[in-house]
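Subject: Structure handover

Hello,

The structure is below for you to open. My notes follow it, grouped by topic.

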Amino acid sequence: LYAISYVFLIFPHDLFHRAVGKSNWIMKTFFVLAPIGLVLTFTLTIFFKAWGALVAMIITKIIFKILYFIDIKNSFGLKITELIPTKSLSYFLFISLTLMALSYGFKNSF
């Protein structure tokens with residue numbers, strides 16, 4: 001489950017805002033998301049232990065990425081599909097799923 005969080009490294013979460021000097025957006029977003037992430041992590045950890053903490057981390061990252069792309073979309077006036085390289089991501093997803101299936105299929109051989 002933790003490996004899924006690496007997908008979010010493909011999209012830097014504050015690259016645009018740092019480049020154009022919108023550090024206030026970064027700070028405000030962190031001040032809003034930090035308490036949400038803390039409460040979410042605490043709650044899910046109580047109910048689901050380590051799995052809850054991992055899921056809370058992924059949900060918090062998803063929320064931050066969504067806010068980031070909404071702000072970029074509004075700043076540039078572009079569609080979300082124009083900002084995300086769907087062809088490359090589809091290729092990497094296909095390769096990853098194929099390798100996962102092969103690894104899972106051969107796990108008893110090792």
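Thr29 is in contact with Phe64 and Leu67, leaving aside its neighbours within four places in sequence; contact here means heavy atoms within 4.5 Å. Thr29 sits in helix 2. Helices are DSSP runs of H or I with at least four residues, numbered from the N terminus. With a relative accessibility of 8%, Thr29 counts as buried. Buried means under 20% relative accessible area, exposed means over 50%, and partly exposed is in between, with a 1.4 Å probe and protein chains only.

Before the rest, some notes on the model. This is a predicted model, in which local features need pLDDT of at least 70 and side-chain atom pairs count only at pLDDT 80 or more, while totals for chains, interfaces and linings use all residues. Residues are numbered from 1 along each chain as its sequence is written, and side-chain values use heavy atoms, with hydrogens and water left out.

Confidence

The pLDDT is the predictor's confidence in each residue, on a scale from 0 to 100. The chain has an average pLDDT of 87, and 99% of the residues score at least 70. Where is confidence lowest in the chain, and where is it highest? The lowest mean, 78, belongs to helix 3 (residues 80-83), and the highest, 91, to helix 2 (residues 23-76).

Aromatic rings

Phe64, one of the contacts of Thr29, also takes part in a ring pair with Trp25. Rings of Phe, Tyr and Trp (its six-membered ring) pair if their centres lie within 6.5 Å; planes under 30 degrees apart count as stacked, over 60 as edge-to-face and the rest as tilted. A search of the whole structure gives six aromatic pairs. In the pair of Trp25 and Phe64 the ring centres are 5.9 Å apart and the planes stand at 55°, so this pair is tilted. Both Trp25 and Phe64 are buried. Ring pairs join Trp25, Phe30, Phe64, Tyr68 and Phe69 into a cluster.

Salt bridges

Side chains of opposite charge can pair when their charged atoms come close. A salt bridge is counted when a side-chain nitrogen of Lys or Arg is within 4 Å of a carboxyl oxygen of Asp or Glu. How many salt bridges does this rule give? The count is two.

One of them joins Arg18 to Asp14, with the closest N and O atoms 2.7 Å apart. Arg18 is exposed, at a relative accessible area of 58%, whereas Asp14 is buried, at 8%. Asp14 lies in the segment before helix 1 (15-19). Not counting residues up to four places away in sequence, Asp14 touches Ile26 and Tyr68; Tyr68 is one of the residues in the ring cluster.

Another joins Asp71 to Lys22, where the closest N and O atoms are 3.0 Å apart. Asp71 lies in helix 2 and Lys22 in the loop between helix 1 and helix 2, so this pair ties together parts that are 49 residues apart in sequence. Asp71 is buried, with a relative accessible area of 16%, and Lys22 is partly exposed, at 28%. Leaving aside neighbours within four places in sequence, Asp71 is in contact with Phe16, His17, Lys22 and Trp25. Asp71 and His17 are 54 residues apart along the chain, and their C-alpha atoms are separated by 9.3 Å.

Surface

Tyr91, Phe92, Phe94, Ile95, Leu99, Leu102, Phe106 and Phe110 make a nonpolar surface patch of about 960 Å². Patches are made of residues with over 30% relative accessible area and no salt bridge; like charges are joined within 9 Å, and nonpolar side chains (Val, Leu, Ile, Met, Phe, Trp, Tyr) within 5 Å. Accessible areas come from the Shrake-Rupley method with a 1.4 Å probe, and for residues only the protein chains shown count as cover. Phe110, one of the patch residues, is in the segment after helix 4 (86-105). At 87% relative accessibility, Phe110 counts as exposed.

Ser90 is in helix 4 and counts as partly exposed, at 45% relative accessibility.

Backbone

Most residues other than glycine have a negative phi. Lys49 has a positive phi, near 55°. Lys49 is in helix 2 and is exposed, with a relative accessible area of 57%.

Regards

Methods: Helices (H or I, at least four residues) and strands (E, at least two) are DSSP runs, numbered from the N terminus.
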